[in-house]
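Student: Could we go through this structure together, one topic at a time? I would like to start with single residues and then move on to pairs.

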Amino acid sequence: MEIRARAPGKIILAGEHAVVHGSAAVAAAIDLYTQSSHHLPPSGEGGAGEVEVDLTDSGLAFSWPCSRLLEALGVTSRKAELQAPRPCSPEELAAIARLVELHEIPEAKIWLSAGLSAFLYLYTSILGCRPGKVVVSSGLPMGAGLGSSAAFSVSLSGALLTAAGVVSAEGAVGGTEWQLLGKDHLELVNTWAFQGEKIIHGKPSGIDNAVSTFGSMIKFKKGELTNLKSGNPVKMLITDTRVGRNTKALVAGVSERASRHPDAMASVFHAVNTISEELSSIVELAATDEIAMTSKEEKLAELMEMNQGLLQCMGVSHASIETVLRSTLKYNLVSKLTGAGGGGCVLTLIPTLLSKLVLEKVTTELESHGFRCFKVEVGGQGLQIHQG
Ligand SMILES: Nc1ncnc2c1ncn2[C@@H]1O[C@H](COP(=O)(O)OP(=O)(O)O)[C@@H](O)[C@H]1O
Ligand SMILES: C[C@@](O)(CCOP(=O)(O)O)CC(=O)O
Ligand SMILES: [Mg+2]
């Protein structure tokens, strides 16, 4: 029996980093997914066998004998904890890191070790040291600000909790083979995925796993989520600068700056909070004619521009991001980084009245710098399950 779960990536329209320090942020799911499938071993294998994970995007697969996992971690899945995950303790994380180190990961792919640790934690906590195989594949660029770490944790948690019989799919997603979970089950998946994000990010706000689990467009503040009903479709061009970076290090860098300049950074975070609040009410306005639409888009663009300035204050912009900003500004288009910054992806707001020709020109110019441009659908479904 195979259980598949797919979870979307996200864009952050306003509020990244500041959201870690309690400000509001606005994010939306995008139609690029990470898929995890869990395969049960043939019945009767009992406690023997292996736990295997195939990370198809990196072309690497890893396995651990169940006896080795049991010896290192003990029986970690306990029924009561399935409903209320306990955070991974430093001792457990160290034991997991030693299990990851048993495999020689090529230096060029060492960033995978955080994802592997999250996998081992989620697998053994949810299914214990039982044999099984998980295959992960993703349409998201990794480490580029589109929330691949959260989509990884959400899809894994969804597949493993379904395999454990703790959550189950109910309604079908119209015209597809995918099914949705009810609200309580989604809440539980989200709580588990947050533990995975903690292993990968260190100190996540929880916004990425929340939007990947629940989908749609959301405002998120201090763990509280508000669904936003976008009055008109929001069109964004995404530019991947292809400059690799690591969210954990960038989040830690902002916290260090905040401890060096607590008052100045508190003002920056406060300003971001105001921008996110304003942006969230503007996206909900339904503009019914061209004049109203243009005015709405101008306001959104201005708020994005202000947010980008504050992200520069936090020290998370990058020369490649600045190149995108300059290139798009030539065409009167506003951009901001999305996610942790330091490279990765940049959003450009595409006004409804923008001609195809201008869009082509700006895309060609961005691609001439070696960047990759693509358009995404914003605000779609969150976690989806397929059993069969
Ligand atoms: N499909 C995947 N397979 C293996 N690891 C993954 C996958 N997706 C994400 N990860 C883990 O998440 C990390 C990237 O997370 P992060 O730095 O937060 O960037 P982002 O979430 O913006 O893509 C990777 O280095 C890896 O450890
Ligand atoms: C910088 C931050 O706000 C978003 C990080 O997103 P990503 O991992 O770069 O996709 C961190 C967080 O909210 O947990
Ligand atoms: Mg991430």
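Student: Is glutamate 104 buried or exposed?

Tutor: Glutamate 104 is exposed, because its relative accessible area is 77%. Buried means under 20% relative accessible area, exposed means over 50%, and partly exposed is in between, with a 1.4 Å probe and protein chains only. Before we go on, please keep in mind that this is a predicted model, in which local features need pLDDT of at least 70 and side-chain atom pairs count only at pLDDT 80 or more, while totals for chains, interfaces and linings use all residues. Residues are numbered from 1 along each chain as its sequence is written, chains are lettered from A and ligands numbered from 1 in the order in which they are written, and side-chain values use heavy atoms, with hydrogens and water left out.

Student: OK, and where is glutamate 104?

Tutor: Glutamate 104 is placed in the loop between helix H3 (90–101) and H4. Helices (H or I, at least four residues) and strands (E, at least two) are DSSP runs, numbered from the N terminus.

Student: How far apart in space are glutamate 104 and lysine 203?

Tutor: From C-alpha to C-alpha, glutamate 104 and lysine 203 are 27 Å apart in space, and in sequence they are 99 residues apart.

Student: New topic: how many salt bridges are there in the whole structure?

Tutor: A search of the whole structure gives eleven salt bridges. A salt bridge is a side-chain nitrogen of Lys or Arg within 4 Å of a carboxyl oxygen of Asp or Glu. In general, side chains of opposite charge can pair when their charged atoms come close.

Student: Which residue does lysine 133 form a salt bridge with?

Tutor: The partner of lysine 133 is glutamate 52, and the closest N and O atoms are 3.9 Å apart. This pair links distant parts of the chain, since lysine 133 is in strand E5 (residues 132–138) and glutamate 52 is in strand E3 (residues 50–55), 81 residues apart. Lysine 133 is partly exposed, with a relative accessible area of 29%, and glutamate 52 also counts as partly exposed, at 30%.

Student: What about arginine 68 and glutamate 71, where do they sit in the chain?

Tutor: Arginine 68 and glutamate 71 are both in helix H1 (residues 66–73), and because they are three residues apart there, about one helical turn separates them. Their side chains meet in a salt bridge, 4.0 Å from N to O. Arginine 68 is partly exposed at 31% relative accessible area, whereas glutamate 71 counts as exposed at 63%.

Student: Which residues are linked in a network of salt bridges?

Tutor: Glu2, Arg4 and Glu177 are linked in such a network.

Student: Let's switch to rings. How many aromatic pairs are there?

Tutor: The count comes to three aromatic pairs, where rings of Phe, Tyr and Trp (its six-membered ring) pair if their centres lie within 6.5 Å, and planes under 30 degrees apart count as stacked, over 60 as edge-to-face and the rest as tilted. One of them is the tilted pair of phenylalanine 119 and tyrosine 123, at 5.6 Å centre to centre and 45° between the planes. Phenylalanine 119 and tyrosine 123 both lie in helix H4 (residues 112–127), four residues apart, which is about one turn of the helix, and both are buried.

Student: And what do tyrosine 121 and tryptophan 192 form?

Tutor: Tyrosine 121 and tryptophan 192 form a tilted aromatic pair, with 6.2 Å centre to centre and 40° between the planes. Because tyrosine 121 lies in helix H4 and tryptophan 192 in helix H6 (residues 183–201), the pair ties together parts that are 71 residues apart in sequence. Tyrosine 121 and tryptophan 192 are both buried.

Student: Which residues do ring pairs link into a cluster?

Tutor: The cluster is made of Trp64, Phe119 and Tyr123.

Student: Last topic, backbone angles: what is the phi of serine 216?

Tutor: Serine 216 has a positive phi of about 70°, although it is not a glycine. As background, most residues other than glycine have a negative phi. Serine 216 is found in the loop between helix H7 (207–214) and strand E8 (217–221), and serine 216 is buried, with a relative accessible area of 18%.

Student: And what is the phi of arginine 242, and where is it found?

Tutor: The phi of arginine 242 is near 65°, again a positive value in a residue other than glycine. Arginine 242 is found in the loop between strand E10 (236–240) and helix H8 (247–260), and arginine 242 is exposed, with a relative accessible area of 55%.
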